[in-house]
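Thank you all for coming; please have the structure open while I talk.

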Amino acid sequence: MPAACPLRTIAIELSANPYPVVIGAGALAGLGEQIRARGFKAGTKVLMVTNPVVQEHYGATALASLQAAGFEASTLVIEAGEDQKTPATVGLIHDAAFARKLERGSLIVALGGGVVGDMAGFAAATWLRGIAVVQVPTTLLAMVDAAIGGKTGVNHPGGKNLIGAFHQPRLVLIDPTTLSTLPEREFRAGMAEVIKYGVIGDAELFAALEAAGNLSAMAAVGPELLQTLLERSAAAKARVVAADEHEGGLRAILNYGHTLGHVVEALCGYGTWLHGEAVAIGMAAAGEIALAMGLWSATEQQRQLALIEAAGLPHRWPELNPEAVLTCLQGDKKVRDGQVRFVLPTAIGSVEIRSDVSEATIRQALYASP
């Protein structure tokens with residue numbers, strides 16, 4: 001990504017809490033100025049939450065920017081990883097907020113991937129009944145999905161993100177250059193969410209990804225396509241979130257691949273599969289269910305599988321006990337009146353939400369999937 005790449009701003013047009021997603025190489029160095037531009041005054045107390053790896057690479061740049069802008073800023077480093085995404089870890093953030101005397105006008109900055117963003121966001125949502133949060137994602141998955149939209153939360157032993165709150169950030173700042181230190185496996189995991197946007201509502205993006213061929217590494221994707229997919233993914237999520245902030249209806253389509261992906265994460269053990277890897281498996285499985293129900297064609301399912309493979313992602317359903325899978329599905333956040341709501345594809349670029357998927361269809365699709 002060229003250093004001179006201009007910043008691009010995509011607006012999240014919420015009626016009560018609108019905010020910008022600012023994207024551009026080198027944006028991290030301007031973090032403090034961007035926050036000041038959102039009305040925060042010099043002297044505001046800022047707690048930046050990050051993890052050890054991100055702290056090593058980018059913590060000093062972010063903290064220096066905050067302090068140069070006049071903020072009373074300090075850093076809390078927490079362990080990352082899905083297995084750390086617990087109420088106990090959020091408690092460490094609350095302890096730091098207490099020790100550093102954060103007030104209702106204070107701010108928490110989440111610098112890291114989706115795990116850091118979810119926990120810092122939830123801590124902000126619950127400290128003093130809600131203080132401001134700024135999301136600064138440093139993984140592809142967080143840039144295109146987790147950091148945008150206001151979902152925060154932690155895991156419960158019974159399921160992923162069962163404890164949480166909607167708490168919109170005041171700003172999302174995306175600096176693509178931070179992906180240069182991201183492990184390739186993490187980059188591939190983020191591509192799952194990009195593919196998701198193509199399936200649920202952006203056939204043009206899906207086709208662009210197909211044309212690119214190799215999507216398994218940042219170097220293979222290249223700066224031009226990377227900028228495009230960051231902008232299109234942010235814009236796609238912006239449209240859905242603006243139409244349905246609290247997931248009353250339309251926003252549920254963003255869970256494409258997630259319902260079954262969360263089952264994979266829970267039953268295989270958090271950390272066995274990265275979130276994006278589990279989503280890729282979940283998308284393939286959802287495609288098989290759609291195929292079994294006659295919602296889309298074998299050709300479209302094959303296109304989806306081919307793109308998942310091009311991103312170096314898994315798509316085979318793991319060897320899980322069918323009864324355990326069905327039980328886990330009933331614990332999903334999206335269950336209504338005992339019925340699991342599945343997001344199922346009807347074409348590349350189109351999905352629908354269905355509550356009429358039978359247990360027999362689930363068994364047939366999952367245990368006959370490629």
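Predicted model: local features only at pLDDT ≥ 70, side-chain atom pairs only at ≥ 80, totals over all residues.

**A walk through the model**

Let me begin with threonine 177, which is found in the loop between β9 (171-174) and α6, where the names of helices (H or I, at least four residues) and strands (E, at least two) stand for DSSP runs numbered from the N terminus. Residues are numbered from 1 along each chain as its sequence is written, and side-chain values use heavy atoms, with hydrogens and water left out.

Threonine 177 is partly exposed, with a relative accessible area of 29%; here buried means under 20% relative accessible area, exposed means over 50%, and partly exposed is in between, using a 1.4 Å probe and protein chains only. Not counting residues up to four places away in sequence, threonine 177 touches Ala25, Gly26 and Tyr58, and contact means heavy atoms within 4.5 Å. From threonine 177 to tyrosine 367 there are 190 residues in sequence and 41 Å in space, taken from C-alpha to C-alpha.

Let us turn to the loop between α9 and α10, which holds arginine 251 and also alanine 252. Is arginine 251 buried or exposed? Its relative accessibility is 1%, so arginine 251 counts as buried. Leaving out residues up to four places away in sequence, arginine 251 touches Gly149, Gly150, Lys151, Phe166, Gln168, Lys237, Val240, Val241, Asp244 and Glu245. Alanine 252 counts as buried too, because its relative accessibility is 3%, and, with its neighbours within four places in sequence set aside, it is in contact with Asp244, Glu247, Arg341, Val343 and Ile353. Alanine 252 and glutamate 72 are 180 residues apart along the chain, and their C-alpha atoms are separated by 39 Å.

Next comes helix α10 itself. After α10 comes glycine 269, whose phi is positive, near 100°.

How does α7 look beside this? In helix α7 (residues 203-212), Leu205, Phe206 and Leu209 are buried. Seen down the axis of α7, these buried residues fall within an arc of 105°, so they line one face of the helix, the arc being that of the directions from the helix axis to the C-beta atoms. Glycine 213 follows α7, and its phi is positive, near 80°.

Now for two backbone angles to look at carefully. Most residues other than glycine have a negative phi. Lysine 101, although not a glycine, has a positive phi of about 55°; it lies in the loop between α3 (87-99) and β5 (107-112), and it counts as exposed because its relative accessibility is 57%. Leucine 128, again not a glycine, also has a positive phi of about 55°, and its place is in the loop between α4 (114-126) and β6 (132-137). At 32% relative accessibility, leucine 128 counts as partly exposed.

I will finish with the cysteines. How many disulfides does a search of the whole structure find? The search finds 0, where a disulfide is a pair of cysteine sulfur atoms within 2.5 Å. Cysteine 268 is partly exposed, with a relative accessible area of 24%, whereas cysteine 328 is buried, with a relative accessible area of 16%.
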